[in-house]
Amino acid sequence: MSQAMYRSRIARALPNILERVQRAAEQSDRSLEDITLIAVTKSHPVSAILEALKFEVFDLGENRILELMAKQEAVTNDRIRWHMIGHLQSRKIPSVLGTVHLIHSIDSLKLANRLSTKAIQVGGREQVLLQINASREATKGGFVVPDMYEDLHSALSLPGLKVAGFMTMAPLTEDVRILRNTFRTVRELQQELSDSSESAGEVLSMGMSNDFEIAIEEGSTMIRLGTALFGKPV
Ligand SMILES: *Cc1c(COP(=O)(O)O)cnc(C)c1O
């Protein structure tokens with residue numbers, strides 16, 4: 001797609017998305033401002049990012065480190081907040097450390113440990129979300145609950161991490177009950193952990209193009225939208 005095509009696509013899609021976000025937010029006694037919209041630009045060119053920025057969308061999500069790095073180099077704008085939303089391989093940690101606003105996809109205690117150690121080595125604390133596998137799908141990464149409670153507690157107390165909250169991906173289904181249940185499980189987990197000693201932050205990164213309204217109704221504070229904003233990944 002050309003840059004002009006991205007412009008007209010976003011111009012058409014964004015007002016509708018914001019209206020739907022607002023309506024869903026009101027269902028959970030919140031407002032549009034309480035929800036962060038992350039534009040998932042994976043597989044879309046830099047021109048898509050440039051257009052998103054014109055619409056004041058400054059939170060950008062990528063799922064692969066090489067693509068993230070290339071785009072970070074191509075687009076320099078102080079207002080951008082980069083989000084790493086895909087699986088992070090341990091050996092890629094040095095490439096992402098300190099370069100993004102938030103890593104959503106800390107999906108194992110092993111990865112959490114390694115990231116914490118590296119962050120301490122460079123004298124910082126990395127802001128992350130712990131990825132929860134609430135639907136217990138074998139093909140999905142993340143902390144399975146309730147089985148991995150101990151791992152979760154360990155990850156929450158690592159000195160090199162600042163755990164801002166949790167992220168989840170719902171199963172690929174149209175079944176609203178299953179989707180709602182998945183999101184609710186993660187919200188309840190967050191509430192439960194906030195009563196314990198090592199509490200995480202308030203962020204809940206839940207909801208993609210096909211399920212963001214349900215996610216918001218269930219308490220999501222960050223939605224990750226690719227297709228709804230830019231069309232199908234190319
Ligand atoms: C691709 C991706 C999204 C966006 O998906 P859409 O259905 O296109 O909105 C959100 N989160 C993650 C982790 C992704 O990889």
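These are legends for a set of close-up views of a predicted model.

Residue numbers start at 1 along each chain as its sequence is written. Because the model is predicted, local features need pLDDT of at least 70 and side-chain atom pairs count only at pLDDT 80 or more, while totals for chains, interfaces and linings use all residues; side-chain values use heavy atoms, with hydrogens and water left out.

**View 1. The largest pocket holds about 530 Å³ of space.** A pocket here is an open set of points on a 1 Å grid over the protein atoms alone, where a 1.4 Å probe fits, with protein on both sides within 12 Å along at least five of seven lines; lining residues have an atom within 4 Å of a point. Points are joined across faces, edges and corners, and the volume is the space filled by probe spheres set on them. The lining comes to 25 residues, and Lys42, Ile85, Met169, Met208 and Arg224 lie nearest the centre. By type, that lining splits into 9 nonpolar, 11 polar and 5 charged residues (Ala, Val, Leu, Ile, Met, Phe, Trp, Tyr, Cys and Pro are nonpolar, Asp, Glu, Lys and Arg charged, and the others, Gly among them, polar).

**View 2. The ligand and its surroundings.** Around the ligand sit Val40, Lys42, Ile85, Met169, Met208, Ser209, Arg224, Leu225, Gly226 and Thr227, each with a heavy atom within 4 Å of it. A polar side-chain atom of Lys42 is 2.8 Å from a ligand oxygen atom. With Gly226 it is a polar backbone atom, 2.9 Å from a ligand oxygen atom.

**View 3. The second largest pocket, at about 260 Å³.** Its lining has 15 residues, with Leu18, Ile35, Thr36, Leu37 and Glu56 closest to the centre. Helix H1 (3–27) and strand S1 (36–40) are the elements giving two or more residues to this lining, and H1 gives the most, with 3 residues. Helices (H or I, at least four residues) and strands (E, at least two) are DSSP runs numbered from the N terminus. The lining divides into 10 nonpolar, 1 polar and 4 charged residues.

**View 4. Tyr6 and Phe230 make an edge-to-face aromatic pair.** The count is 1 aromatic pair, where rings of Phe, Tyr and Trp (its six-membered ring) pair if their centres lie within 6.5 Å, and planes under 30 degrees apart are stacked, over 60 edge-to-face and the rest tilted. Here the centres are 6.2 Å apart and the planes 75 degrees apart. The pair ties together distant parts of the chain, with Tyr6 in helix H1 and Phe230 in helix H9 (residues 227–230), 224 residues apart. Both Tyr6 and Phe230 are buried (buried is under 20% relative accessible area, exposed over 50%, partly exposed in between, with a 1.4 Å probe and protein chains only).

**View 5. Asp59 has polar contacts with Arg81 and His83.** Asp59 belongs to strand S2 (residues 59–62) and is buried, at 7% relative accessible area. Its side chain meets that of Arg81 at 2.7 Å, and the side chain of His83 at 2.7 Å. A polar contact is a pair of N or O atoms within 3.5 Å; within protein, one must be able to donate a hydrogen and the other to accept it, and residues adjacent in sequence count only if both atoms are side-chain atoms.

**View 6. A cis peptide bond joins Val145 and Pro146.** Omega is about 5 degrees. Pro146 sits in the loop between strand S6 (143–144) and helix H6 (149–156).
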